[in-house]
Amino acid sequence: MHSNLKDQKLENYCIGKKAILGENVQIGNFATIENDVVIGDNTWIGNNVTILNGTRIGQNCKIHSNSVLGGIPQDLKYNNEYTILEIGNNNIIREFVTINKGTKSKQKTLIGNNNLIMSNAHIGHDVVIGNNSIIGFSVGIAGEVIIGDWVNISGLSAVHQFSLIGDHVMISGLSRVVKDIPPYVTAGREPLSYVGVNTIGLKRRGFQLDKIDELKNIYRILFQQKKNTGMAVELIESEFDQTLERDKILQFIRNSKRGIIKGFGLESR
C-alpha cells in the first residue's frame, strides 16, 4: 500500500501494512501510522507524529512533529465503538496538536479544508470545524463543538462542550467560550461579549461596506438596545430585508441551545 516510500529509510518509522498512502507522501523519523489510516497525495508527516486507526487525512496537508491524530475520545461514555477522524485538504497542523476521533454521538470528528491549527491545541471528540479557520496556540476545544468557516480563535482560549461558533467570527486570546457566538462578530472581554462586527476580517474577504453596515445595524438591535433576544429577533426580521446574512444570523440564534453571548453596550465599530 505504500511502495512509494521506497526511497525513505523504512527503519526510522512504523507504518501499518494496511495503511493507504497517496503519491508523494513524506514521513519523518519515528512516526507511527496504524493500519486503518488513509493519507492523501503530497501530505507531509513530521517526526514523531502518531496517526491512529480511523484517521483519514486529505491531500497537501502538513502534520508537524509530535502531533497525535485519531486518539481515543476523552469521554467516559466511549465504549470502543468504531468512529473516525476526517481531515480535509491543505490543512496545517503544528507541533503537539491532539485531535480525537468521534464517539457514537456523531461517529466522527471533522476538520474541513485550508485550516491552520497551531501548536499545543486540543480538539475533542465529534467536533466539526469548517474551512479557512485558525485555531490558535494552546486553544482547547471540548467535545461536540461546531465551528464555522473563516473563524479565528486566538491563543489560550477554551471552548465549552456543545458550543456553536458562527462563520467569520474573531475571538480574542485567553477567552472562555461558554455561550454561542453568532456569525460575523468579534468577541472579547470577560465574560466573553460582543465587541463589534469583524470589520477587518470581512473586508479582507470581499464584503462591501454597505453589507458590513447592514450587519452592524442588525447587531446594534440585538446587542445594544437592551431588548431581550426574542424581541430583537422579531424586530430584525421585520425591519431588515431578507438577505443571506440576515437569515444566517436569525437561524443561528434560533438554533442556539446554550444561548448567545451578550453585548456590553459600546457602539459597534
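In the predicted model described here, the axes of helix 3 (residues 229-239) and helix 4 (residues 244-255) come within 11 Å and cross at roughly 155°. Helix 3 and helix 4 are therefore roughly antiparallel to each other, and helix 3 passes helix 4 in a left-handed crossing. Helix 4 also packs with helix 2, at an angle of about 30° and with the two axes 10 Å apart. Helix 2 and helix 4 are therefore roughly parallel to each other, and the crossing of this pair is right-handed.

Side chains of opposite charge can pair when their charged atoms come close. One of the salt bridges is formed by Lys108 and Glu86, whose closest N and O atoms are 3.2 Å apart. This pair links distant parts of the chain, with Lys108 in strand 14 (residues 108-111) and Glu86 in strand 11 (residues 84-87), 22 residues apart. Lys108 is partly exposed, with a relative accessible area of 31%, and Glu86 is likewise partly exposed, with a relative accessible area of 30%.

A salt bridge is also formed between Arg176 and Glu190, with the closest N and O atoms 2.9 Å apart. Arg176 belongs to strand 25 (residues 176-177), whereas Glu190 is placed in the loop between strand 26 (185-188) and strand 27 (193-197), so the pair ties together parts that are 14 residues apart in sequence. Arg176 is partly exposed, with a relative accessible area of 43%, while Glu190, at 53% relative accessibility, counts as exposed, because the cut-off for exposed is a relative accessible area over 50%.

Glu190 also takes part in a feature of the backbone, as a cis peptide bond joins this residue to Pro191, with omega at about 0°. Pro191 lies in the loop between strand 26 and strand 27. Most residues other than glycine have a negative phi, and most peptide bonds are trans. Positive phi values in residues other than glycine are found at Asn66, where phi is near 70°, and at Tyr184, where phi is near 75°. Asn66 has its place in the loop between strand 9 (62-63) and strand 10 (68-71), and Tyr184 is found in the loop between strand 25 and strand 26. With regard to accessibility, Asn66 is partly exposed, with a relative accessible area of 30%, whereas Tyr184, at 2% relative accessibility, counts as buried, because buried means under 20% relative accessible area.

On the surface, a nonpolar patch is formed by Met118, Phe137, Leu156 and Leu174, which together have about 390 Å² of accessible area. Of these residues, Met118 lies in the loop between strand 15 (116-117) and strand 16 (122-123), and Met118 is partly exposed, with a relative accessible area of 33%.

A further pair of residues concerns strand 2 (residues 20-21), in which Ile20 is found. The C-alpha atoms of Ile20 and Arg56 are separated by 9.6 Å, although the two residues are 36 residues apart along the chain. Ile20 is partly exposed, with a relative accessible area of 40%.

Conventions: Residues numbered from 1 in each chain as written. Predicted model: local features only at pLDDT ≥ 70, side-chain atom pairs only at ≥ 80, totals over all residues. Heavy atoms only, no water. Patch = residues over 30% accessible without salt bridge, like charges linked within 9 Å, V, L, I, M, F, W, Y side chains within 5 Å. Areas by Shrake-Rupley, 256 points an atom, 1.4 Å probe, with all protein chains shown as cover. Salt bridge = Lys/Arg side-chain N within 4 Å of Asp/Glu carboxyl O. Helix = DSSP H or I, 4+ residues; strand = E, 2+ residues; numbered from the N terminus. Buried < 20%, exposed > 50% of the residue type's maximum accessible area, 1.4 Å probe, protein only. Axes fitted to C-alpha atoms, helices over the stretch in contact; angles between N-to-C directions. Parallel < 35°, antiparallel > 145°, perpendicular 65-115°, else oblique. Left-handed = near helix turned anticlockwise from the far one by under 90°.
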